[in-house]
Amino acid sequence: MKKYLILLLMAVMMMAACGRPSSSSGGEGGDETYTIRIAHLVPEEQSSHVAAETFKEKLEKESNGRIKVELYPNGQLYGSDREAIEAVQLGNIEMTIPAVAPLASFNEKFMVFDLPFLFNNNEAAYKALDGELGQELMKDLEENNIKGLVFGENGFRHMSNNKGPIESPEDIEGQKFRTLENPLHTDTFKAFGANASPFAFGELYTALQQGTYDAMECPVSLYYTNKFYEVQDYLSMTGHVYAATALLMNNDFYNELPEDLQKLVTEASEEYREEQRGLAQKQDVEFLEKLKESGMEVNELTDEQRDKFRDAASSVYDKYVDRIGQDLVDKALEANN
C-alpha cells in the first residue's frame, strides 16, 4: 500500500509539472523547452482543430523545438468549455479554444457578444471582436489568469428540433431546449417561450437521443461534425446569435515564456485566426449541403419571421444592457455601420 501511495504521489507531481519549462538538449544551445497542451471540444475535422494543427506546426518548427504542442480535441480531457477554461485558469493545461459564451462566467462583460441579433454579418462581428471592444475584454481576462490571444469563429447559430420547422417563437413554445452555459442565452430562449436550460455540450448528443431535450441550437459546422443530424430532424436558419471562439492561454505560462517565444505565439495566433475563420465560412457552405443530404429538413426564415424573434428578444436587452454596460453594447452595435 505504501509503495502504491508513493507511485501515485509521483504521478501527480509529474502531471502538475508537465506544462512547466524544462531543460532539454532538443532546443538550441540547451534552451529550456515548453509543452503546450491544447484541449477543446470540437472533432478533428472542424475548422478550430484543423487550424490548431497549423498553429502547432508553426510553433514547433519556428521555435526550433523549444515549444512542443499537444492537441486534445473532441472533449478528450474536459466535457465542457467551462471546465476547460477553468483548467487553463488554474494552470492544469496551457491552452483551450472554447466558445466565447462560457467566458461570461468569468467576466460578465463578455455577455455583450451573446445578445441576440447583435451583428448583421461576419464582417461586423470581426470589426467588433478584433477592434477596441474585443481587445478590451481580452485584456480584462488577465485578472482571471487567462491570456486572451485572438477570437476565432463558430459562426451564426441556428435552431433545430424534432417537432417541425421553426418559423416563429410559437413553434418552440414549451419545448425542452438546450442552451449554452450562459444565463443570457438561457433567458433568450425563455423569452422565445421555450422551456430552456443549459447543458454540457459533450453530453448533448446522448441527451437529445434519450429525449432529455427536444431542441437545441448551434452553428452549422457543429451540427455536422457532431452528427446532431442523427438526433434532430429539422434545422431552421435563424442566425439569432453570432458565435465566436477564443484562443486562450494560461497567463502565468505566457509570462514565463522568453520574449521571442511570446512574439512567436502572438504571430501564430494571428495566423490561426485568419486560417480558422476562412475554413469556418467554407465549412458552413459544405456542411449545410451534407446536412441536407443526411435527411435534415432545412428552412430559411423571411425577414418578417426573423423580426418576430427580434421582438421577443427585446426583454433580454432590457434585462442585460445595464448589467453589461451601455457603452459596450453601443460599441458592438456600431460595428454594423
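## Getting started

A strand here is a DSSP run of E with at least two residues, and strands are numbered from the N terminus. Helices are numbered from the N terminus too, as runs of H or I with at least four residues. With those names in hand, please keep in mind that this is a predicted model.

## The cavities

Let's begin with empty space. Rolling a probe the size of a water molecule over the atoms shows where such space is left. In this model, the count comes to three cavities of 30 Å³ or more.

The largest cavity has a volume of about 150 Å³. Its lining is made up of 13 residues, and those nearest the centre are Val42, Asp81, Ala99, Asn154 and Leu222. Sorted by class, the lining of the largest cavity has eight nonpolar, three polar and two charged residues.

## The second largest cavity

Which element gives the most to its lining? That is strand β9, residues 234-250, with four residues. The lining residues include Val241, Tyr242, Ala243 and Ala244. Also among them are Ala99, Val100 and Ala101, along with Phe113, Asp114, Arg157, Leu180 and His185.

By class, nine residues of this lining are nonpolar, one is polar and two are charged.

## Helices α6 and α12

Now for how helices meet. Two packed helices are described by the angle between their axes and the distance between the axes. Helix α6 covers residues 183-191 and helix α12 covers residues 314-324; their axes come within 9 Å and cross at roughly 160°. Because angles over 145 degrees count as roughly antiparallel, α6 is roughly antiparallel to α12. Their crossing is right-handed.

On the α6 side, the contact is made by Pro183, Leu184, Asp187, Thr188 and Ala191, while α12 brings Ser315, Val316, Lys319, Tyr320 and Ile324. Taken by class, this contact of α6 with α12 has six nonpolar, two polar and two charged residues.

## Helices α4 and α10

The other pair is helix α4 (residues 122-130) and helix α10 (residues 259-293), whose axes come within 13 Å and cross at roughly 160°. That angle makes α4 roughly antiparallel to α10. The crossing of α4 and α10 is right-handed.

Which residues meet here? From α4 there are Asn122, Tyr126, Leu129 and Asp130, and from α10 there are Arg273, Arg277 and Gln281. The contact of α4 with α10 divides into two nonpolar, two polar and three charged residues.

Conventions. Residues numbered from 1 in each chain as written. Predicted model: local features only at pLDDT ≥ 70, side-chain atom pairs only at ≥ 80, totals over all residues. Heavy atoms only, no water. Axes fitted to C-alpha atoms, helices over the stretch in contact; angles between N-to-C directions. Parallel < 35°, antiparallel > 145°, perpendicular 65-115°, else oblique. Left-handed = near helix turned anticlockwise from the far one by under 90°. Contact = heavy atoms within 4.5 Å. Nonpolar A, V, L, I, M, F, W, Y, C, P; charged D, E, K, R; others polar. 1 Å grid on protein atoms, 1.4 Å probe; cavity = no way out; pocket = protein on both sides within 12 Å on 5 of 7 lines; lining within 4 Å. Points joined across faces, edges and corners; volume = space filled by probe spheres on them.
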